[in-house]
Amino acid sequence: MKDISWLKAQPIAHRGYHDMNREVWENTLSAFQRAAEAGFAIECDLQFTADSVPVIFHDHDLERLCGIKGDVREKTAAELGLLSIGGTKDKVPTLAQMLRLVNGRVPIVLELKGRKGDDEGFAAAVLDVLEDYEGRVALMSFDHWLLKGLKALDVPYPLGLTADGAKPETFFVHEEAMQLGLDFISYFYGHLPNSFISKERALGRTIITWTVRDKAAQEHTFANADQMTFEGFDPRETMIS
């Protein structure tokens, strides 16, 4: 496993340090700037455009964030770059734009949002954009085929499984993914503790959680994992010693 002690060092802002989409919206350059200024690591979501560019956007559909119907994958990066997020000045950013903004100030955790059978070139495109970036980066996904693809490309960054589930039948699926030699796991805090995560922690695997929105969830995270992905509050005001 790679040395990823830095992944535990500071709270991770879920989709950037937004304000629950009141004025600063999720997965925007404004949210990433706010996170970097506060010293929080940044988690964000990657989608793949019609012209094979990694962009930062969570949903498959544009309606919730941009107010129009349409599939994010049917748009080019330039077309998405014209769309306002939540009626703000922020547009859908590319991964390259986000990296230029953050510029190594804080760690970045990138979650690839895959679609089975429609991800050809996605993993390679992400690695191409990251090639000259000098800051700390980790990659993760729910999607095992993307994790396999990144491993096949000899990914030089820490690679993790995003997962949830509290039943043994889900653990078998997760254990299959871990056979790829992954470095960390991002797990839903509400499904902790469980035997799968306990075993992985015993093996020295770094565990982060998603998505923590209050002090109770924060306390639950640090009883069962190494770091949290949070939103909706300032963890500097509720840090657990």
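**Salt bridges**

Modeller: R236 has 48% relative accessibility and so counts as partly exposed (buried is under 20% relative accessible area, exposed over 50%, partly exposed in between, with a 1.4 Å probe and protein chains only). Its partner is D234, and the two side chains meet in a salt bridge at 2.9 Å, N to O. A salt bridge here is a side-chain nitrogen of Lys or Arg within 4 Å of a carboxyl oxygen of Asp or Glu. D234 has 14% relative accessibility and therefore counts as buried. Shared partners also join R15, E26, D45, D59 and R64 into one network of salt bridges.

The model is predicted: local features need pLDDT of at least 70, side-chain atom pairs count only at pLDDT 80 or more, and totals for chains, interfaces and linings use all residues. Residues are numbered from 1 along each chain as its sequence is written, and side-chain values use heavy atoms, with hydrogens and water left out.

By the salt-bridge rule the count is 14. One of these joins R73 to D118, with the closest N and O atoms 3.6 Å apart. That pair links distant parts of the chain, 45 residues apart: R73 is in the loop between α2 (63-66) and α3 (77-80), and D118 is in the loop between β4 (108-112) and α5 (122-130). Helices (H or I, at least four residues) and strands (E, at least two) are DSSP runs, numbered from the N terminus. R73 is buried, at 9% relative accessibility, whereas D118 is partly exposed, at 44%.

R201 pairs with D226, the closest N and O atoms being 3.1 Å apart. R201 is partly exposed, at 33% relative accessibility.
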